[in-house]
Amino acid sequence: MSTRLFYNAQLVNEDDVTLGWLLTDGDKIARIGAGQRPDDITADEELDCQGAYLIPGVIDTHVHFRDPGLTEKADMATESRAALAGGVTSFVDMPNTRPATVSMDAVEDKLARAAQVSAINYGFFIGATNDNIDTLLTADYSRTAGIKLFLGSSTGNMLVDDDNTLVTLFDRAPALIAVHAEDEAIIRAARERLSAEYPDGIPVEMHPDVRPREACIAATRHAINLAERSGARVHICHISTAEELRLIAEAKARGVKVTAETCPQYLMFDRNDFLRLGARIKCNPAIKEPSDRIALLRQLRPGGVIDTIATDHAPHLPEQKQGNALTAASGMPMVQFSLTAMLDLMSSDPEAEGVDIARIVRLMCHAPASLLGIDRRGYLREGYYADLAIVRPLPMPGHRVTDSEVVSRCGWTPLDGRTLGWEVVDTIVNGGTGPRQLAFIRQ
């Protein structure tokens, strides 16, 4: 097996930043040390990092790579290459494809497809429906990341709205339940009211009113109540409101097994940006008020409510993003720029004071691995897989992002025209030996 030595690097790991070196042997990290490289260590390939930051590869636990059934938008091959360009070494894909991933056979089909085409490590959630509870209770959770539960409508008719099913799922689920928390009845009422007010079409900038904050708050409260009653582990995905943060903080204080995810889009944009970017920032849950963005940023700090950052990467073709608040597709590509966007926010947004690169690594690398029990990934540790990213700050004025550099099949980004002050120099998957299926350790 070949060896690679990275030296003169700022190693970012477990809340610390240290000048040091790292040696890989095949697909694993063999040795790590502080200071200058020892004279007695050589390798088949040696890389002077010139003071750049060497971090564990990002683990994105929330992506929609559209494969199978929606591959005109994207597929595992194109989107995993976009992830690789952004310092992401592992992804966990959501089940709302066509057909939906609601059986272990469907999970195995996706694993086989990923083994053929993915550029990075891969794993998949299995989805809950109103009638697959027996499947969820007997699934192999060493081969699937956990259960994805939609409490709001989604691609693939995966809304779970049967109370008996929900109670049984939370009482007996042998794995993490990752929740899309939006109350469907509240959304339906808002949509009907606004459709009557705007018979010619609801303006896209009113998307936060079509899918209002009350829907998120009610569904998150419901998920927390179910988890508290049952003792289940629940992970609230893509949090977008300050009230949800308060509910989760209070639940954690009571000992509820709840964790919280947010996404770069909720930290970078607010509803005022619809006037500039239109449907490019239309996603579900909707991007909301400036005060929500600030609250979310502040909860990234050590001790904050937010546990993980994922992208909810959800590409659509440009023509599918045309229209109003009801007709334009919801979702945006984000996996290629998530790491550099978060590093830029850390460096430039005053509301992110107290967030440093070690904290970003905690939220995007360490915590996702721990959350899902991913075997030997997410940290710079001897014996762990050598999933690595090299990043560095750019001299002023930074890099202006354009649609032309987007690797995703969709060919656009909501960050078009935005300047970022960081870049990904290189991404290394398993020491350069190629991608692997993620293994999940039952927790």
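This is a predicted model: local features need pLDDT of at least 70, side-chain atom pairs count only at pLDDT 80 or more; totals for chains, interfaces and linings use all residues.
Trainee: What is the handedness of the crossing of helix 4 and helix 7, left-handed or right-handed?

Mentor: Helix 4 passes helix 7 in a crossing that is right-handed.

Trainee: Which residues make the contact between helix 4 and helix 7?

Mentor: On the side of helix 4 they are Leu166, Val167, Phe170 and Asp171, and these meet His222, Ala223, Leu226, Ala227, Arg229 and Ser230 in helix 7. Sorted by class, this contact of helix 4 with helix 7 has six nonpolar, two polar and two charged residues.

Trainee: What makes up the lining of the second largest pocket, and which residues lie nearest its centre?

Mentor: The second largest pocket, with a volume of about 200 Å³, is lined by 13 residues, and those nearest its centre are Leu151, Val160, Asp161, Asp183 and His222. Helix 4, helix 5 (184-197) and helix 7 are the elements that give two or more residues to this lining, and helix 7 gives the most, with three residues. One of the residues nearest the centre, His222, also belongs to the contact of helix 7 with helix 4.

Trainee: How is the lining of the second largest pocket divided by class?

Mentor: The lining of the second largest pocket has seven nonpolar residues, one polar residue and five charged residues.

Trainee: How many cavities of 30 Å³ or more are found in the whole structure?

Mentor: A search of the whole structure finds two of them. A cavity is a space where a 1.4 Å probe fits but cannot get out, whereas a pocket is open.

Trainee: What lines the largest cavity, and how is its lining divided by class?

Mentor: The largest cavity holds about 50 Å³ of space, and its lining is formed by Ala82, His313, Pro333, Met334, Val335, Gln336, Phe337, Val406, Ser408, Trp412 and Thr413. By class this lining has seven nonpolar and four polar residues, with no charged residues.

Trainee: Which residues line the second largest cavity?

Mentor: The second largest cavity has a volume of about 30 Å³, and Ser240, Tyr266, Phe269, Lys288, Glu289, Asp292, Arg293 and Leu296 line it. Helix 11 (residues 290-298) supplies the largest share of that lining, three residues. The lining of the second largest cavity has four charged residues, together with three nonpolar residues and one polar residue.

Trainee: What is the phi of glutamate 14, positive or negative?

Mentor: Glutamate 14 has a positive phi of about 50 degrees, although it is not a glycine, and glutamate 14 is found in the loop between strand 1 (3-13) and strand 2 (16-25).

Definitions and conventions. Residues are numbered from 1 along each chain as its sequence is written. Side-chain values use heavy atoms; hydrogens and water are left out. A crossing is left-handed if the near helix is turned anticlockwise from the far one by less than a right angle, and right-handed if clockwise. Helices (H or I, at least four residues) and strands (E, at least two) are DSSP runs, numbered from the N terminus. Contact means heavy atoms within 4.5 Å. Ala, Val, Leu, Ile, Met, Phe, Trp, Tyr, Cys and Pro count as nonpolar, Asp, Glu, Lys and Arg as charged, and the others, Gly among them, as polar. On a 1 Å grid over the protein atoms alone, a cavity is a set of points where a 1.4 Å probe fits but cannot get out, and a pocket is an open set with protein on both sides within 12 Å along at least five of seven lines; lining residues have an atom within 4 Å of a point. Grid points are joined across faces, edges and corners, and a volume is the space filled by probe spheres set on the points.
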